[in-house]
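This briefing goes through one protein chain, topic by topic. Please keep the sequence and the 3D view open while reading.

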Amino acid sequence: MVRRLISIISLGAAALLSTAAAPEADASEQAMLDAFDAALTAVAYAASGLALFGMVWAGFLLMADGAEGRGARGRSAVFLTIAGLGVALSAKGLAALISAGVIPIPLS
């Protein structure tokens, strides 16, 4: 899963690099960037929905295991849910920073 995420982010960075090389993007490049932005937005919405489900599941785990003081599975589920949401949202944020020119990318 991490390898897929890294490959998706690297593809996005490559798409944004092509825009950084030529400030006046033609219609096909702009269409590609719009499609990439739409895909990242869809990933952010899906990650938010999955995080909500993950938090509910972690709550059930904490209620089931917490009575005996063994809430390790629930705490782990909360941590992993927050970490996954952070990774998914950081991909959208990183792409936005690169496309805005806040993070310069050397082309050589």
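A residue is called buried when its relative accessible area is under 20%, exposed when it is over 50%, and partly exposed in between. By that cut-off Lys92, with a relative accessible area of 26%, is partly exposed. The model is predicted, and its local features are reported where pLDDT is at least 70.

**Overall make-up**

- The protein chain contains three helices and zero strands, and its elements run α-α-α from the N terminus on.
- Of the 108 residues in the protein chain, 19% are buried.
- Taking contacts between residues at least 6 apart in sequence, 55% join residues that are at least 24 apart.

**Helix H3**

- Helix H3 covers residues 72-100.
- Its 29 residues reach 41 Å from the first C-alpha to the last, close to the 42 Å expected at 1.5 Å a residue.
- Gly74, Ala77, Thr81, Ala88, Ala91, Ala95 and Ile98 are the buried residues of H3.

**Lys92 and its partners**

- By the rule of a Lys or Arg side-chain nitrogen within 4 Å of an Asp or Glu carboxyl oxygen, the count is one salt bridge.
- That salt bridge joins the side chains of Lys92 and Asp37, at 2.6 Å from N to O.
- Lys92 lies in helix H3 and Asp37 in helix H2 (residues 27-66), so the pair ties together parts that are 55 residues apart in sequence.
- Asp37 is partly exposed, at a relative accessible area of 40%.
- The side chain of Lys92 also makes a polar contact with the side chain of Thr41, at 3.0 Å.
- Leaving aside residues up to four places away in sequence, Lys92 touches Asp37, Leu40 and Thr41.
- Between the C-alpha atoms of Lys92 and Ala39 the separation is 9.4 Å, and these two residues are 53 apart along the chain.

**Thr81**

- Is Thr81 buried or exposed? Thr81 is buried, because its relative accessible area is 15% and the cut-off for buried is under 20%.
- Thr81 has its place in helix H3.
- With residues up to four places away in sequence not counted, Thr81 touches Ala51, Gly54 and Met55.

**Nonpolar surface patch**

- Which residues form a nonpolar patch on the surface? Leu52, Phe53, Val56, Trp57, Phe60 and Met63 form it, and together they have about 710 Å² of accessible area.
- One of these patch residues, Phe60, is found in helix H2.
- Phe60 is partly exposed, because its relative accessible area of 47% falls between the 20% and 50% cut-offs.

Terms used: Residues are numbered from 1 along each chain as its sequence is written. This is a predicted model: local features need pLDDT of at least 70, side-chain atom pairs count only at pLDDT 80 or more; totals for chains, interfaces and linings use all residues. Side-chain values use heavy atoms; hydrogens and water are left out. Helices (H or I, at least four residues) and strands (E, at least two) are DSSP runs, numbered from the N terminus. Buried means under 20% relative accessible area, exposed over 50%, partly exposed in between (1.4 Å probe, protein chains only). Contact means heavy atoms within 4.5 Å. Patches are made of residues with over 30% relative accessible area and no salt bridge: like charges are joined within 9 Å, nonpolar side chains (Val, Leu, Ile, Met, Phe, Trp, Tyr) within 5 Å. Accessible areas come from the Shrake-Rupley method with a 1.4 Å probe; for residues, only the protein chains shown count as cover. The expected span of a helix is 1.5 Å times one less than its number of residues. A polar contact is a pair of N or O atoms within 3.5 Å; within protein, one must be able to donate a hydrogen and the other to accept it, and residues adjacent in sequence count only if both atoms are side-chain atoms.
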